[in-house]
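Thanks for making time. Please have the model open while I talk.

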Amino acid sequence: MELLEGRRTYRRFYQKEISEEIVGEILRAARLSSSAANKQPLSYVVIRSADKVNQVFDCTRWAGYLKPEDGQPGEDEKPVLFIAVVENLNINPDCDTDAGLAIANMTLAAWNRGVGSCIIGACNKPRLSEMFGLTEEQKLHTVVAFGYPSHKSRIEEVKDGDIRYYLDENRDYVVPKRQLEDVVTYM
């Protein structure tokens, strides 16, 4: 549970490289994820070079609940790695669940090694698809940003129904979560 509670979304990073070993663990975690009918329709694009990371970064939008100057990582806070999750439509045209499982595995494997992540669906998918050389049979699902977090992120209980995350006085993220009894029905 400690691993799950700590694996929050992180949006500001130290400019420290992630080792090949850890990147390999993240990718192995994705490969090991469950897959509907074991079709394994996902593939991954790894973006590590600073130039390519900046190109991908320029196609992303961050922290929709916050003003851009608060939510968008600064020049010295950008991720150092992106992994794009690609759906291969000729294998399975409906594989969002597979993608979610793979992303969960990747982000947990990363956090297990102290590497934070941010799952980004708000991005210029046509431009990124072209950059990644995707074919008509491939669809960009998400890009996941990785890096060693330069801030903290903590959970608090939802107050007055407001689920919007925010920055506290230290610029750390606070993420409201609903109570268990508000989201579970026993039958």
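Predicted model: local features only at pLDDT ≥ 70, side-chain atom pairs only at ≥ 80, totals over all residues.

I will go through helices, strands, cysteines, rings and a few single residues.

First, the ground rules. Numbering runs from 1 along each chain as its sequence is written, and side-chain values use heavy atoms, with hydrogens and water left out.

Start with helix α6, residues 125–132. Helices here are DSSP runs of H or I with at least four residues, strands are runs of E with at least two, and both are numbered from the N terminus. Which residues of α6 are buried? Leu128, Ser129 and Phe132. Buried means under 20% relative accessible area, exposed means over 50%, and partly exposed is in between, with a 1.4 Å probe and protein chains only. Down the axis of α6, the buried residues fall within an arc of 105°, so they line one face of the helix. That arc is taken from the directions from the helix axis to the C-beta atoms. The general rule behind this: an α-helix has 3.6 residues a turn, so residues three or four places apart point the same way.

On the face turned away from the buried side, α6 carries the exposed residues Pro126 and Glu130. The buried residues of α6 pack against β2 (42–47), α3 (50–57), β3 and β5 (138–149). Contact means heavy atoms within 4.5 Å.

Now the ends of α6. At its start, a side-chain oxygen of asparagine 124 comes to within 3.0 Å of the backbone nitrogen of arginine 127. After α6 comes glycine 133, with a positive phi near 70°.

Next, strands. Strand β4 covers residues 116–120, and four of its five residues are buried. β4 pairs with β5 in the antiparallel sense, over five bridges. Pairing requires that DSSP finds at least two bridges between the strands. Within this pair, serine 117 stands opposite phenylalanine 146 in β5.

There is also an open sheet of three strands, in the order β6-β8-β7, with mixed pairing. β6 (153–157) and β7 (166–167) are the edges; each has a single partner strand, so one side of each has no neighbour in the sheet. β7 pairs antiparallel with β8 (residues 173–177) over two bridges. Tyrosine 166 faces valine 174 in β8.

On to cysteines. Cysteine 59 is buried at 5% relative accessibility. Cysteine 123 is buried too, at 11%.

Then aromatic rings. Rings of Phe, Tyr and Trp (its six-membered ring) pair if their centres lie within 6.5 Å; planes under 30 degrees apart are stacked, over 60 edge-to-face, and the rest tilted. By this rule there are four aromatic pairs. One of them joins phenylalanine 57 and tryptophan 62: tilted, 5.8 Å centre to centre, with 40° between the planes. Both phenylalanine 57 and tryptophan 62 are buried. Elsewhere, ring pairs link Tyr65, Tyr165 and Tyr173 into a cluster.

Now lysine 78. Buried or exposed? Buried, at 8% relative accessibility. Lysine 78 lies in the loop between α4 (68–71) and β3 (81–88). Its side chain makes a polar contact with the side chain of glutamate 75, at 3.2 Å. A polar contact is a pair of N or O atoms within 3.5 Å; within protein, one must be able to donate a hydrogen and the other to accept it, and residues adjacent in sequence count only if both atoms are side-chain atoms. Leaving aside residues up to four places away in sequence, lysine 78 touches Phe13, Gln15, Asn54, Phe57 and Pro73.

Last, two backbone points. Alanine 63 is not a glycine, yet its phi is positive, about 50°. It sits in the loop between α3 and α4, and it is buried at 6%. Aspartate 160 also has a positive phi, near 55°. This residue lies in the loop between β6 and β7. Aspartate 160 is exposed, at 84% relative accessibility.

That is my tour.
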